[in-house]
Amino acid sequence: MDGQRETLERIVSTLANKNDEIHNFIDMLNHTIKNIQVNSTNAISELDEEFDGLYSILDEMKGSMANTIQQEEARKIQVLQDQLSQCSSALESSEELLELAAESLDIKDPVEFLKAARQIKDRVTMASAFRISLKPKVSDSMTHLMVDFTLERHMLQAVKFLPVPKAPEIDLAACLVADNCITVSWRMPEEDSRIDHFVLEYRKTNFDGLPRVKDEQRWDLIDYIKATEYTLSGLKFDTKYMNIRVQACNKAVAGEYSDPVTLETKAFVFSLDSTSSHLNLKVEDNYVEWDPTGGRGQEKIKGKENKSSDKQIPLLKNNRRSGAPSPKRTSISPRSSARSSRDHFTGESYTVLGDTAFESGQHYWEVRAEKDCKSYSVGVTYKNLGKFDQLGKTNSSWCIHITNWLHTTFSAKHNNRTKTLDLPVPDRIGVYCDFDGGLLSFYNANSKELLHTFRTKFTQPLLPGFMIWCGGLTVSTGLQVPSAVKTLQKSENGLNTSTSSLNNIA
């Protein structure tokens with residue numbers, strides 16, 4: 001009976017997941033149809049603009065050429081009219097001279113005749129009719145202003161849609177997720193020398209598989225990538241996965257997006273639990289500050305939280321809380337009984353805990369103290385830390401402690417025992433916890449220098465813990481375990497000498 005119930009539950013879960021995938025695919029199809037309609041309208045609009053621009057250029061060229069023809073026509077006519085005027089004047093003068101010569105032929109007196117003949121001869125010699133050209137200065141031909149658009153017509157008839165680059169193919173095996181960076185590698189399905197650059201888009205998601213159309217964050221874009229590989233750096237992994245896609249672009253048009261890939265982005269994400277923190281601490285998401293007013297400032301913040309318990313206070317960029325905890329983590333949400341049942345820390349336990357516990361895996365987060373911090377502790381604890389207990393003074397909590405009051409002390413604490421650390425205090429501390437391996441290590445977050453390591457066997461879920469007196473602490477979560485830390489841990493585990501055992505406090 002129980003076996004059949006488990007089998008049926010698995011079937012129901014499988015069907016529910018498949019239905020969810022089909023719903024998402026239907027949403028994607030509908031979204032694609034809408035995009036096709038919008039993009040088709042845009043393509044027709046751009047086509048109209050291109051042809052209108054071409055028509056405008058042709059009309060402008062036609063007007064310019066027609067104006068040239070008209071100017072040539074006017075020039076030639078003016079030349080011929082000038083020549084015609086000259087010919088008319090010469091003809092009139094010649095006719096007068098001809099009439100005078102005819103009259104001279106009737107003169108009987110020899111002396112007068114010779115005199116008249118001499119005058120006519122002189123006038124004929126100087127007559128304009130004998131000096132003008134009787135050939136037109138310009139021809140009536142206008143063939144030098146004719147056009148032949150045969151070649152251009154063939155070019156226009158050969159106009160086609162622009163060649164669109166093919167979709168790149170993301171090489172999933174070559175993609176790398178490490179140190180809160182994602183290196184994406186891709187290739188073209190065939191060689192294309194016209195590719196000018198690539199565009200990479202990515203977005204965070206808590207869903208595996210195909211990207212979801214609904215309830216997703218927007219795509220972030222990286223443009224003008226010249227190579228076929230790109231590294232996204234400085235990311236905060238506050239979701240479980242990252243969708244990535246790439247498109248190729250030539251000088252004129254962008255191609256289709258590649259098939260999107262989904263990469264897993266494992267990281268530990270938590271916020272600070274203001275519902276159980278000491279009333280002398282002001283807690284805002286991932287920031288805690290000493291408040292000497294005795295909790296009056298805290299009450300104002302809590303009042304805001306009560307009005308909108310689901311709203312987050314984004315004090316710092318890149319420190320947003322994830323909407324869903326990773327598997328094998330115990331989330332203490334504002335509505336959970338575990339969170340609301342804990343009393344506020346009181347007395348000299350100026351403590352605030354993380355709101356998410358973990359009971360397996362390797363996790364990493366960082367803490368930065370303000371310069372005016374007088375005293376603070378950073379570590380982990382079981383959930384049973386009492387409201388009067390201080391980090392490192394119980395057998396269920398481990399921490400490093402820094403005091404800048406009068407003089408600086410740097411120490412590791414566990415079970416009310418202290419080990420002085422003869423090291424400079426870094427401005428940022430990295431906390432690495434390997435729950436299954438029983439390791440809790442503290443690092444200089446800048447240089448990745450190992451500060452101290454606790455070795456034990458964790459038997460209960462752990463919560464990040466912080467103590468602060470005078471000043472403030474900023475907690476950075478959503479971080480992967482740095483590669484340098486992994487390398488140091490492997491090296492330390494490999495040595496397994498008495499040197500490593502000195503890092504423990506019994």
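User: Before we dig in, what counts as buried and what as exposed here?
Analyst: Buried means under 20% relative accessible area, exposed means over 50%, and partly exposed is in between, using a 1.4 Å probe and protein chains only. Keep in mind that this is a predicted model: local features need pLDDT of at least 70 and side-chain atom pairs count only at pLDDT 80 or more, while totals for chains, interfaces and linings use all residues. Residues are numbered from 1 along each chain as its sequence is written, and side-chain values use heavy atoms, with hydrogens and water left out.

User: OK. Is tyrosine 224 buried or exposed?
Analyst: Tyrosine 224 counts as exposed because its relative accessibility is 58%. Its phi is positive, about 55 degrees, although it is not a glycine. Most residues other than glycine have a negative phi.

User: Where does tyrosine 224 sit?
Analyst: In strand β5, residues 220-225. Strands here are DSSP runs of E with at least two residues, helices are runs of H or I with at least four, and both are numbered from the N terminus.

User: Which other residue has a positive phi, near 65 degrees?
Analyst: Lysine 448, also a residue other than glycine. Lysine 448 is in the loop between β21 (439-444) and β22 (450-455), and it is buried, with a relative accessible area of 18%.

User: Zooming out, how many helices and strands are there?
Analyst: Seven helices and 24 strands. Of the 506 residues in the protein, 37% are buried. Taking contacts (heavy atoms within 4.5 Å) between residues at least 6 apart in sequence, 68% join residues at least 24 apart.

User: How many aromatic pairs turn up?
Analyst: A search of the whole structure finds 16. Rings of Phe, Tyr and Trp (its six-membered ring) pair if their centres lie within 6.5 Å; planes under 30 degrees apart are stacked, over 60 edge-to-face, and the rest tilted. One of the pairs is tryptophan 186 with phenylalanine 198, edge-to-face at 5.6 Å centre to centre and 65 degrees between the planes.

User: Why does that pair tie together separate parts?
Analyst: Tryptophan 186 is in strand β3 (residues 181-187) and phenylalanine 198 is in strand β4 (residues 197-205), so the pair joins parts 12 residues apart in sequence. Both tryptophan 186 and phenylalanine 198 are buried.

User: What about tyrosine 382 and tryptophan 398?
Analyst: They are edge-to-face as well, 5.5 Å centre to centre with 75 degrees between the planes. Tyrosine 382 comes from strand β16 (residues 375-382) and tryptophan 398 from strand β17 (residues 397-403), 16 residues apart. Both are buried, and both belong to a cluster linked by ring pairs, including Phe268, Phe358 and Trp365.

User: Which rings does the charged end of arginine 245 sit over?
Analyst: The ring of tryptophan 219, 4.1 Å from its centre, and the ring of tyrosine 257, 3.9 Å from its centre. The rule is that NZ of Lys or CZ of Arg lies within 6 Å of the ring centre and within 35 degrees of the ring normal.

User: Switching to pockets, which residues line the largest one closest to its centre?
Analyst: Asn39, Ala43, Val253, Ala254 and Glu256, out of 38 lining residues. α1 gives the most to that lining, with 16 residues. α1 (2-104), β7 (241-249) and β8 (254-257) each supply at least two.

Key. 1 Å grid on protein atoms, 1.4 Å probe; cavity = no way out; pocket = protein on both sides within 12 Å on 5 of 7 lines; lining within 4 Å.
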